[in-house]
Amino acid sequence: MFNDFINQFWPSTVDGLAFGSIYALIALGYTMVYGVLRLINFAHSEVFMIGTFGAMFVPFVLGINSALTGLALVGVIVLMILAGMLASAGTAVALERIAYRPLRRRGASRLAALISAIGASIFLQELFALIVIPNVFDRPQQGRIQMALPQIMERTDLFSIAGHPVKLHQVVVVVAAVGMMIVLDRLVNGTKIGRGIRATAQNPEAAVLMGVNIDSVVRMTFLIGGGMAGVAGALYLIAYENTNYYIGFLFGIKAFTAAVLGGIGNLRGALVGGVTLGLVENYGAIFFGSDWKHVISFTILVLVLMFRPTGILGESLQQARA
Amino acid sequence: MNDKQTSVAGFRRRLGHAGDVVHDRWQQAPGWQRWAVYLLLIVAALLLPSETIGSFMSPDTDWATILFFPIGTYVLLAIGLNVVVGQAGLLDLGFVAFYAVGGYAMALLGTRMGWNFWVIMVAGILICALSGLTLGAPTLRLRGDYLAIVTLGFGEIIRITARNTDEIGGPNGIRGIPHPPSIEGIYIGDVEIFKYGVLDPRPYYYLLVALAVVVIILVKRWEKSRVGRAWAAIREDEDAAEVMGVPTFRFKMLAFAIGASIGGAMGVLWAAKSISINPNDFQFLLSATILAAVVMGGAGNLPGVMLGAFIVAWLPERFRGLQEYRMLIFGAVLVALMIFRPEGLLPSRQRKAELKEGSGGMGTLGAEVPGPESHGEEVASK
């Protein structure tokens, strides 16, 4: 067993980093919304799902069916990420407008918001299975069947670590995820919008008194979080080349685990949590078999909440360095 | 627009007032009148599976069958979850785990050990209470959203473990679960009420009604007792309750164990009817649906919760004609209901007052479920 671990250490690490980056990007949405509204946005998993389909739309429209190289490949990847962001951010903002804002206005309980989110989640899944996938992607009667991405790139080995090859798509995922993280960090810490978000997270009442427009801050929070989930969707699609209408559920819980693991409300925590979860899950799979991968991450979630509920980095969108 | 809004609000107030009148009347009614109403309700529940009602309520499916599952099952599960969510104010998103434990207890003890249904019912309830305590002991120190996520995690762990463990059937589950022992030849009308076979779902339904009556009586008694008051105190303000000398942890454990036992009892009964079970019967969606039923009906108020469960179970069956679109509509209805009536269809009065008091302004959602806010502030102030 220990030999297995030695042999599979590097491939698992690379896989873990790729998965972890995706978890981290989704986790950002949970963390930001939680930081500002103290609400678990349960429908965020569907925002991710819609991101994968937004990205799928690009090769579908362009009619790509052979592997691309060079500039064309970069162009398509960028387009896919943009399309994913657009679809997800749009969904997230609509979700906030329709399912959350009326509740917020009435000062409804968070339980009501939770049920509203669950309802929205069911609605979006079924909407895709019944209407969007059959019509937009021209697959009548196949809305519930897994949908594959046409091959857009050769999975060439870029370089190798300790004799184990690292593939192109894995590098793309990690690089793009880290890039997005840096952009987001600047956005939250270096712009006026970001200051509004941080102020609201710290103390909503005081923020309003200081002239922050809460509604627009909340909308921006959903927009940014949704955009990150869209990037995650596009990257997932590029790396694993398939998607379906219920893909969000598992990724949603995993990403939430990542957010809690890193410290919910803390943006850097989401990154740390996502990568940690991705790695631990893949190392655990070496010992217990990949069937138990999900159980491992749920167990981690439970253990973290029991022993260090503030997560690795502590919960703080409020604190300026977040 | 404005006119319309005020008139809607006025209508709501009048409706609320009518509800209050009924409620006051009920409070003052002498004991014999209440018992008469209870008896009438039980008789109505027994007459429910008749063809004439069924032809209207579910034209597309067999009415008696869906009265057992999903309607009756959801009602009983919702009563169980209501103890946890509505009375003690603990947000549990993994309630289906206890239903699963009950189902698997029936399946394993029935097929492997050959135990009798009634023995398993008792054993199953005990096992579920125990599993509620096991789950509660480490997690109930958490609050609000964190508790919700941990319970969700546990629900998934149970399901995936069942799927991955070949000793209990793996993904195929368990087949050939025995029915409850029958007593033949006792007829009421044209139903042989103690014959538990494959064909007639009505005996199972009657068994479910009997179970529900027992559960409702017990839950009602608890609610009125010292235990119920302790739960209400914990729900309203856990710290204050603790300071006042309520052993909050112990009462939260009790709520978990009671909720789990009710879920488990339903699991045993359901498995005994359905012959085979597999891990996919215990998806997260079921937990979410039951929670939706509790909140939609008005958490904390037993008739409301039962009404909520009935609607949640019945609507998708009634509109089977719309086939696949029913879940789509169900999702939209949940959102709409929460927007227009976030306190539920028949909210409990006490609960309504609590909500009004505890709702936050200024863009934050009201902190009904005590969340880790205070904790967050502590961190921020350092």
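**Confidence, then a close look**

A: Chain B has a mean pLDDT of 83, with 87% of its residues at 70 or more; pLDDT is the predictor's confidence in each residue, from 0 to 100. For the complex, the predictor gives an ipTM of 0.86 and a pTM of 0.85.

This is a predicted model, in which local features need pLDDT of at least 70, side-chain atom pairs count only at pLDDT 80 or more, and totals for chains, interfaces and linings use all residues. Residues are numbered from 1 along each chain as its sequence is written, while chains are lettered from A and ligands numbered from 1 in the order in which they are written.

Chain A holds 11 helices and 4 strands, which are DSSP runs numbered from the N terminus (helices: H or I, at least four residues; strands: E, at least two). Of its 322 residues, 57% are buried, that is, with 20 or more other C-beta atoms within 10 Å of their own, C-beta atoms being placed from the backbone.

The part to zoom in on is helix α5 (residues 168-190) of chain A. Its 23 residues should span 33 Å at 1.5 Å a residue, and its end C-alpha atoms agree, at 32 Å apart; the expected span is 1.5 Å times one less than the number of residues. Buried residues of α5(A) include A:H169, A:V173, A:A177, A:M180, A:L184 and A:V188. An α-helix has 3.6 residues a turn, so residues three or four places apart point the same way. What do the buried residues of α5(A) pack against? Their partners are the helices α1 (2-37), α3 (70-105), α6 (192-202), α8 (214-240) and α10 (267-288), together with strand β3 (164-167), of chain A.

That strand deserves a glance too. β3(A) pairs in the antiparallel sense with strand β2 (residues 157-161) of chain A over 4 bridges, where pairing takes at least two DSSP bridges. A:D157 has A:K167 as its bridge partner in β3(A). The two strands form a hairpin with 2 residues between them, and A:A162 in the turn has a positive phi of about 50°.

Note on methods: A residue is buried if 20 or more other C-beta atoms lie within 10 Å of its own, exposed if 12 or fewer, and partly exposed in between; C-beta atoms are placed from the backbone. Two residues are in contact if their C-beta atoms, placed from the backbone, lie within 7 Å.
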